[in-house]
Amino acid sequence: MIFREAEDRELAGRARKGDLDAFNVLVSRWETRIYNYLLRITGHAEDALDLCQDTFIKAYQNLARLEDPARFGPWLYRIAHNEAMSHLRRPQRETGLDDAAAGSLRAASMAPVEASLAVEAALERLSPEQREAVILKIYEGFKFDEIAAITNCPASTIKSRVYTGLELLKEMLAPAARPARPQEEP
Amino acid sequence: MPCADFDWKGFVLQEAAPAERRAMEEHLKTCAACRREVDALGLTLVAVRQLPQQPIPRRLAFVSDPVFELPWWKRLWRMPAPAWGFASAALLVAAVALYGTLIRVPPQVAVQADPAAVERAVQAELERRLPAAVEAAVRAQLAPAVSQMEARLAAFEQKVEQERRADLRDVTAAFELLQKRINNVYLASAQYGGD
């Protein structure tokens, strides 16, 4: 993570001075993570791709506002979060697919592993706020205060969302994730 | 049930403080219920973290693509410092050229500065200009009083003239009355045989 921050700082610094290749490298480094973050929030591949593109465009246009180039990652996630929330607040368009068809399409694009499908299904049963907090904490590895900065929420709220989401996931994934209960110790 | 004294979610999420974490690890050695809770939470984390990342369906546009093009004012703002310097210099040269073309300044004659001569010239100029300036200032200061005095004088003269004419009319009337009486005396004396 430290090496990544150091490289991000250098690349972001060069990009701010007009080095297009440096920003292209940043796009390459972050596009998959940002895309997956947006995919988990929106649950729609095309929307996630469009939002991902918008995220990088806004990042490029507002590079001058990035106070600490080493914090490029959290800053990028904050832009992605804002894009996703704006998208979710808009009336959802008709996709031409019913829920079942959309679900099967999504499942087909996921790895055909039972555990992964179970986790996907469990994540979808969380509230959008809990899901985002869990993804940023468990999947992306941010600290509570970093997630608070990304989502513009108090850290205590983020902690509550992560704990509640983790508890629900533990309950939902128990049959798949939990091993056979060991014998009680005497 | 795990012990309620410990924050096991914070423990598995690496959010516990080092001292607290050591105490929790010690506790885990002796408490099976808490171990089961930590195991369950840990397996949940592993399950979520092993969720595969999906590859991007198609590549994102790079900065060189038109979609990334900045608005003109942002492009202007993000010009590097040398470009700003060059633009400023060009603007300065253009301003100087424009000034030289449009505004004709009378040629300045170089004069050797002699302090005594300058002082004499200043003194002469002062003597030439000062009386007229003082007079003009005094006139300007006294103008209201003078005009007021002139108005009052004119009114007084008019009044005197009216009184003089009235007196003249009275004298003329008295003279005419006297003349009539004299005539009457002449007539009366003629009737009684006088000359």
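**Salt bridges and helix packing in a predicted model**

Searching the whole structure turns up 19 salt bridges over all chains, a salt bridge being a side-chain nitrogen of Lys or Arg within 4 Å of a carboxyl oxygen of Asp or Glu. The model is a predicted one, with local features needing pLDDT of at least 70 and side-chain atom pairs counting only at pLDDT 80 or more, while totals for chains, interfaces and linings use all residues. Residues are numbered from 1 along each chain as its sequence is written, chains are lettered from A and ligands numbered from 1 in the order in which they are written, and side-chain values use heavy atoms, with hydrogens and water left out.

One of these bridges joins B:Glu37 to A:Lys170, with N and O 2.9 Å apart. This pair crosses between chains: B:Glu37 sits in helix H3 (residues 32-49) of chain B, and A:Lys170 in helix H9 (residues 155-177) of chain A. Helices here are DSSP runs (H or I, at least four residues), as are strands (E, at least two), numbered from the N terminus. B:Glu37 is buried, at 13% relative accessibility, and A:Lys170 is buried too, at 5%. For these labels, buried means under 20% relative accessible area, exposed over 50%, and partly exposed in between (1.4 Å probe, protein chains only).

B:Arg139 and B:Glu135 meet at 2.8 Å, N to O, in a salt bridge. Both lie in helix H6 (residues 115-191) of chain B, 4 residues apart, or about one turn of the helix. Of the two partners, B:Arg139 is exposed at 58% relative accessibility, whereas B:Glu135 is partly exposed at 41%. In helix H6 of chain B there is also the pair B:Glu161 and B:Arg164, 3 residues apart and so separated by about one helical turn. Their closest N and O atoms are 2.8 Å apart in a salt bridge. Here B:Glu161 is partly exposed, at 27%, and B:Arg164 is partly exposed as well, at 45%.

As for chain A, it has 9 helices and 0 strands, which reads along the sequence as α-α-α-α-α-α-α-α-α. Of its 186 residues, 46% count as buried. Among contacts in chain A with a separation of 6 or more, 62% are between residues 24 or more positions apart, contact meaning heavy atoms within 4.5 Å. Chain A exposes about 9,600 Å², 53% of it supplied by carbon and sulfur atoms; such areas come from the Shrake-Rupley method with a 1.4 Å probe, and for residues only the protein chains shown count as cover.

Within chain A, the axes of helix H3 (residues 45-61) and helix H4 (residues 72-89) come within 9 Å and cross at roughly 130°. Axes are lines fitted to C-alpha atoms, for helices over the stretch in contact, and angles run from 0 to 180 degrees between N-to-C directions. H3(A) is therefore oblique to H4(A), since angles under 35 degrees count as roughly parallel, over 145 as roughly antiparallel, 65 to 115 as roughly perpendicular and the rest as oblique. Residues making the contact include A:Leu51 and A:Phe56 of H3(A), along with A:Trp75 and A:Ile79 of H4(A).

The loop between H3 and H4 of chain A holds A:Asp68, which is partly exposed at 35% relative accessibility. A:Asp68 and A:Gly13 are 55 residues apart in sequence and 9.2 Å apart in space, C-alpha to C-alpha.
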